[in-house]
Amino acid sequence: MFKPKTIYYEKEIENYNLGKELLEKYKDIPKIIIENHNNIEELRKKQNKEFPDLKRNLIIGIRKTHKFVENHKTSDYLVPYTSSGCTASCMYCYLVCNYNKCSYLRLFVNREQMVEKIIKTANNSNKKLTFEIGSNSDLILENTITKNLPWTIENFKNVEKGMLTFPTKFDMVDDILNIDHKGKVIIRMSVNPEEIINKVEFGTSRLKGRIEAINKLKEAGYKVGILIAPVIMVDNWKILYKELIKTLNQELSQKVKKEAFFEIIFMTYSYIHTKINEEAFPNAINLYNKELMKVRGRGKYMYKDELRKEGEIFLKEQMNKYFPNNKIEYIV
Ligand code: SF4
């Protein structure tokens, strides 16, 4: 269970039920009042090597920007929801956007306002819409602190023209197993070979736990998907990903195998990641490989086209072998 070192909070959270609950829950934790969760001067000044320590802070505020972004993958809109950032430290995390600004977990207590906007958008639409609510954080992790998921599902379950979806790398799903969700939620479990989880995805759940969690969620009637993401092309990547897909075939329940769809995403990386990781995790593996990667926009890297192509062909072959009847929504 995450125990924050310090809580930084906007005074206005005292006007919200969830804000009051969190202040009470953490009454023994040192607190600092801040003006704006987006700009905490003393945290911005921290050195890269202090990154793991920064992750031990919890920031609580009000979400002010509620802009939905159109999406054409597994949802219609990416929706800014109740949190941003995370307590874990995956070395490639794309939320690490700007050195020390986005790394730590930020909770937003104005959840009523956020869920109302989703419901209103769905009700005003003339077609069914799927809302991705987990693109800024990991909601299964967040839920261990806020219990926001049962609350969200309870408030959303009767919306006729809407579905909610989110990905996760965590296995703490018990809170949402015995609730009436009316099939309105699609949960996508993100998986990687155990060796990569150990070496790269610090602070997340083990592969075994993630597989058990998705089996439990399917048993509880949720729609589920599997994200093989991000695919990281370490030296022995073919062996690792072949073994992963085989393990999924062996350990996922029949119900999951019958219905789950897949998404496959190759890792992208950035100059900022290289800087933070070499100072914060000096003993960790180096994910940047000049031979294998090319520049994709300013300060960003992706695997070279030939290697991606090889990866795509290989993963499709393995999927054909072990999951011939499951749809791969996309490979990017
Ligand atoms: S679990 Fe997700 S949000 Fe958290 S550090 Fe890893 S990639 Fe980022």
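Student: At what angle do the axes of helix 4 and helix 6 cross?

Tutor: This is a predicted model, in which local features need pLDDT of at least 70 and side-chain atom pairs count only at pLDDT 80 or more, while totals for chains, interfaces and linings use all residues. Residues are numbered from 1 along each chain as its sequence is written. Helices (H or I, at least four residues) and strands (E, at least two) are DSSP runs, numbered from the N terminus, and axes are lines fitted to C-alpha atoms, for helices over the stretch in contact, with angles from 0 to 180 degrees between N-to-C directions. The axes of helix 4 (residues 111-123) and helix 6 (residues 148-156) come within 11 Å, and their crossing angle is roughly 35°.

Student: Which residues of helix 6 make the contact with helix 4?

Tutor: Two residues are in contact if their C-beta atoms, placed from the backbone, lie within 7 Å. Helix 4 contributes Arg111, Val115 and Ile119. On the side of helix 6, the residues are Asn148, Trp151, Thr152, Asn155 and Phe156.

Student: How many residues in the contact of helix 4 with helix 6 are nonpolar?

Tutor: Ala, Val, Leu, Ile, Met, Phe, Trp, Tyr, Cys and Pro count as nonpolar, Asp, Glu, Lys and Arg as charged, and the others, Gly among them, as polar. By these classes, the contact has three polar residues and one charged residue, and its nonpolar residues number four.

Student: Is alanine 122 buried or exposed?

Tutor: Alanine 122 is found in helix 4, and its contacts beyond four places in sequence are with Leu129, Val159, Lys161 and Gly162. A residue is buried if 20 or more other C-beta atoms lie within 10 Å of its own, exposed if 12 or fewer, and partly exposed in between, with C-beta atoms placed from the backbone. Because alanine 122 has 22 other C-beta atoms within 10 Å, this residue is buried.

Student: Which two residues are joined by a cis peptide bond?

Tutor: Most residues other than glycine have a negative phi, and most peptide bonds are trans. With omega about -15°, the bond joins alanine 229 and proline 230.

Student: What is the phi of lysine 147?

Tutor: Lysine 147 sits in the loop between helix 5 (139-146) and helix 6. The residue counts as partly exposed because it has 14 C-beta neighbours inside 10 Å. Although lysine 147 is not a glycine, its phi is positive, at about 60°.

Student: Is lysine 182 buried or exposed?

Tutor: Lysine 182 is placed in the loop between strand 10 (162-168) and strand 11 (185-191). Phi of lysine 182 is near 50°, a positive value in a residue other than glycine. Since lysine 182 has 12 other C-beta atoms within 10 Å, this residue is exposed.

Student: What distance separates the C-alpha atoms of phenylalanine 108 and arginine 63?

Tutor: Phenylalanine 108 is found in strand 8 (residues 105-108) and is buried, with 28 other C-beta atoms within 10 Å. Beyond four places in sequence, phenylalanine 108 touches Gly61, Ile62, Arg63, Thr82 and Ser83. Phenylalanine 108 and arginine 63 are 45 residues apart along the chain, and their C-alpha atoms are separated by 5.4 Å.

Student: How many residues of the shell around the ligand are charged?

Tutor: A residue is near a molecule or strand if its C-beta atom, placed from the backbone, lies within 6 Å of it. The ligand is surrounded by Cys86, Ala88, Ser89, Cys90, Cys93, Leu95, Ser137, Asp138, Lys169, Glu201 and Thr204. Five residues of this shell are nonpolar and three are polar, while the charged residues number three.
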